[in-house]
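Hi everyone, thanks for making time this morning. I have one chain to show you, so let me put it on the screen.

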Amino acid sequence: MAFIMINLKAISAIVSPAYQMSALTLVSALSRNLTTILMQNVGGALVDGFSLTFLYGVLTAVSVAGLILSLAVKLPKGTREKMFD
């Protein structure tokens, strides 16, 4: 749920209201479908080449990098509409 709320906030701040539904659809498609396909292939190659522990380490590093990036990058003020009170 937090992922969805962050997406809504980021899209509403960056994209004009006329294109927000298209942007949300694009982000949803890329984040759920395409990323799943790519990560299954990359994860399988990592497990075949190294070990399952190595795959978990890579996923942990990517998660930590995403967390640091989300804390470091500030969104523009965006619209005057309040999404979350």
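First, the ground rules. This is a predicted model, in which local features need pLDDT of at least 70 and side-chain atom pairs count only at pLDDT 80 or more, while totals for chains, interfaces and linings use all residues. Residues are numbered from 1 along each chain as its sequence is written, and side-chain values use heavy atoms, with hydrogens and water left out.

So, the overall picture. The protein chain has 3 helices and 0 strands, and from the N terminus on its elements run α-α-α. Helices here are DSSP runs of H or I with at least four residues, strands are runs of E with at least two, and both are numbered from the N terminus. Of the 85 residues, 12% are buried; buried means under 20% relative accessible area, exposed means over 50%, and partly exposed is in between, using a 1.4 Å probe and protein chains only. The accessible surface comes to about 7,000 Å², with 70% of it belonging to carbon and sulfur atoms; those areas come from the Shrake-Rupley method with a 1.4 Å probe, and for residues only the protein chains shown count as cover. Among contacts with a separation of 6 or more, 50% are between residues 24 or more positions apart, where contact means heavy atoms within 4.5 Å.

Now to helix H1, residues 2-14. Which residues of H1 are buried? They are Asn7, Ala10, Ile11, Ser12 and Ala13, and what covers them includes H2.

Ser12 counts as buried because its relative accessibility is 10%. Its side chain reaches the backbone oxygen of Lys9 at 3.0 Å, a polar contact, meaning a pair of N or O atoms within 3.5 Å; within protein, one must be able to donate a hydrogen and the other to accept it, and residues adjacent in sequence count only if both atoms are side-chain atoms.

Across in helix H2 is Gln20. Beyond its neighbours within four places in sequence, Gln20 is in contact with Ile11, Ser12 and Val15. A polar atom of the Gln20 side chain also lies 3.4 Å from the backbone oxygen of Val15.

Finally, the surface. Helix H3 holds Tyr56, which counts as exposed because its relative accessible area is 51%.

That's my tour, and I'm happy to take questions!
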